[in-house]
Amino acid sequence: MLEEVERWLSRRSWSAAERPLDRIMAAKHKGGATVSVVLPALDEEATVGAIVTAIRDALMTSATPLVDELVVIDSGSTDRTAEVAAAAGARVVHRDAILPRIPALPGKGEVLWRSLLVTSGDIVCFIDADLKDFDPAFVSGIVGPLLTDPDVDFVKAMYDRPLGEAAGQGGRVTELVARPLLNLHWPQLAGFVQPLGGEYAARRSLLERLPFPVGYGVEIALLIDALHTVGLDGLAQVDVGVRKHRHQDGQALGRMAAAIYRTAQLRLSRGHLVRPELTQFERGERGFVPRTYAVDTEERPPMRDIEEYPVHRAA
């Protein structure tokens, strides 16, 4: 590990307990920054309501008004995600209702990018909507450094990810793809425990300058591009405990890995893939059947380049 990264770990890697909520609230009151929490959601009716309720009950009260707005972006759910989220107290916006002149593409990154147009907070905090046993410290933990330290621009959550009964066995794409890529090509980012985690917060002034891959590559892309934009000392991570969520099957992880590899490749070369596809195999009645999937190849430009965005910010 680079000496620079070792120093960074000692200066920019914290536990959520190091910033009690009263200290965070005092910093928010003093600085006047506003906080938006965004939950991208696709068919998450089983978990989204409990997350919204936990955030509202702990961080949106008159005594603790840490979060100023809580928005669920529905990415085309076919279940009751939107109804459950709204009943729990979130503002729900459908992906297709945001920036309708640009047809929406499927993918998490697309939803996160569009969320900048329907939120107003100086700090934007992204939380996955499939978390179980949700702890509001996921929000306060990663928002805290942005309110207390003006030199920090981007904060990732770090946590244990149990896989079944085995502790610390989650993050398979992280360990097999993302961590090797980062260590080999962006060694300054080798200190991040969960580089692909979906829980992170950043200053709007940074996010609006970054391109967003529309799919699974969004997390590694934002981390790499934030490094090049604000430098390693502008990045941080906070230990928030344990993350429990729905695990995907091996083939879904393969598609995720391909998208992440492609995103990294583009940032290394800014070139084009010869064949942006991934073929996987499923056993059928007559043997193995090939299934070919497109690898995400679209990226959205920095939001500040979208003509509607200055109008939204001025409103």
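Author: Helices H9 and H10 are roughly parallel to each other, because their axes cross at roughly 25° and an angle under 35 degrees counts as roughly parallel. In this predicted model, H9 spans residues 218–230 and H10 spans residues 250–269, and their axes come within 9 Å. The crossing in which H9 passes H10 is right-handed. On the H9 side the contact is made by Ile220, Ala221, Ile224 and Asp225, while H10 contributes Ile260, Thr263 and Arg267. Sorted by class, the contact of H9 with H10 has 4 nonpolar residues, 1 polar residue and 2 charged residues.

A second pair is formed by H3, residues 48–59, and H4, residues 81–88, which pack at an angle of about 20° with their axes 8 Å apart. H3 and H4 are therefore also described as roughly parallel to each other, and their crossing is right-handed. From H3, the residues that make this contact are Val48, Gly49, Val52, Thr53 and Arg56, and from H4 they are Thr81, Val84, Ala85 and Ala88. The residues of the contact of H3 with H4 comprise 5 nonpolar, 3 polar and 1 charged.

The pairing of H2, residues 21–31, with H6 has axes that come within 9 Å and cross at roughly 45°. H2 and H6 are therefore oblique to each other, and H2 passes H6 in a left-handed crossing. Here Leu21, Arg23, Ile24, Ala27 and Lys28 of H2 meet Ser140, Gly144, Leu147 and Thr148 of H6. In terms of class, that contact of H2 with H6 has 4 nonpolar, 3 polar and 2 charged residues.

The structure holds 1 cavity of 30 Å³ or more, and the largest cavity has a volume of about 40 Å³. Helix H6, residues 137–148, supplies the largest share of the lining of this cavity, with 4 residues. Among the residues that line the largest cavity are Ser140, Gly141, Gly144 and Pro145, together with Ser15, Ala16, Arg19, Ile24 and Val238. Ile24, Ser140 and Gly144 line the cavity, and these residues also take part in the contact of H2 with H6. By class, the lining of the largest cavity divides into 4 nonpolar, 4 polar and 1 charged.

Note on methods
Residues numbered from 1 in each chain as written. Predicted model: local features only at pLDDT ≥ 70, side-chain atom pairs only at ≥ 80, totals over all residues. Heavy atoms only, no water. Axes fitted to C-alpha atoms, helices over the stretch in contact; angles between N-to-C directions. Helix = DSSP H or I, 4+ residues; strand = E, 2+ residues; numbered from the N terminus. Parallel < 35°, antiparallel > 145°, perpendicular 65-115°, else oblique. Left-handed = near helix turned anticlockwise from the far one by under 90°. Contact = heavy atoms within 4.5 Å. Nonpolar A, V, L, I, M, F, W, Y, C, P; charged D, E, K, R; others polar. 1 Å grid on protein atoms, 1.4 Å probe; cavity = no way out; pocket = protein on both sides within 12 Å on 5 of 7 lines; lining within 4 Å. Points joined across faces, edges and corners; volume = space filled by probe spheres on them.
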